[in-house]
Amino acid sequence: MKLPYKDMFVGTESELVSNPFSGESVLLKPEAVAVYDTLRGCAWFGDHQGLRKGLDWFRQHFPAEYMILLD
């Protein structure tokens with residue numbers, strides 16, 4: 001699967017990630033953790049294009065996780 005960002009660190013283990021607003025958690029594969037962390041950074045720094053790229057990727061590849069973490 002092609003990742004949406006260049007030069008991303010992708011770990012080797014899945015991680016439990018929680019929605020900061022709802023408290024719901026989901027176990028993400030390493031690639032999804034890397035994209036999630038990067039898109040959250042884009043949101044923090046106001047990079048709307050980068051944020052959109054990550055959200056679109058998540059919706060396509062991990063729709064159930066997207067609904068829990070990002071919708």
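Here, a residue counts as exposed when over 50% of its relative area is accessible, and as buried when that value is under 20%. Keep those two words in mind for the views below, which all come from a predicted model.

View 1. Strand β1 takes in residues 15–18, and strand β2 covers residues 25–28. The two run antiparallel and are joined by four bridges. Look across from V17 and you'll find V26 of β2 standing opposite. Six residues sit between the strands of this hairpin, and G23 takes a positive phi near 85°.

**View 2. Strand β2 has two faces.** In a regular strand, side chains alternate between the two faces of the sheet. Here you can see V26 and L28 on the covered face of β2, with S25 and L27 on the uncovered one.

View 3. Is E15 buried, exposed or something in between? E15 counts as partly exposed, because its relative accessibility is 41%. Setting aside residues up to four places away in sequence, E15 touches V26, L27, L28 and V33.

View 4. In soluble globular proteins, nonpolar side chains tend to be buried together. The largest nonpolar core in this model has 19 residues, and those touching the most other members are L28, V35, Y36, L39, F58, L69 and L70. At least two residues come from each of β2, α1 (30–45), α2 (48–61) and α3 (63–69). Helix α1 gives the most, with seven residues. Zoom in on Y36: leaving out neighbours within four places in sequence, Y36 is in contact with V17, S18, P20, L28, F58, L69 and L70.

View 5. With 14 residues, α2 reaches 20 Å from its first C-alpha to its last, close to the 20 Å expected at 1.5 Å a residue. Which residues of α2 are buried? They are G50, G54, L55, W57 and F58. These residues cover an arc of only 160° around the axis, so they lie on the same side of α2. An α-helix has 3.6 residues a turn, so residues three or four places apart point the same way. The buried residues of α2 pack against β2, α1 and α3. Over on the other side of α2, H48, Q49 and Q60 are exposed.

Methods: Residues numbered from 1 in each chain as written. Predicted model: local features only at pLDDT ≥ 70, side-chain atom pairs only at ≥ 80, totals over all residues. Heavy atoms only, no water. Buried < 20%, exposed > 50% of the residue type's maximum accessible area, 1.4 Å probe, protein only. Pairing = 2+ DSSP bridges. Core = buried A, V, L, I, M, F, W, Y, C linked by side-chain atoms within 4.5 Å. Contact = heavy atoms within 4.5 Å. Expected span 1.5 Å × (residues − 1). Arc of directions from axis to C-beta.
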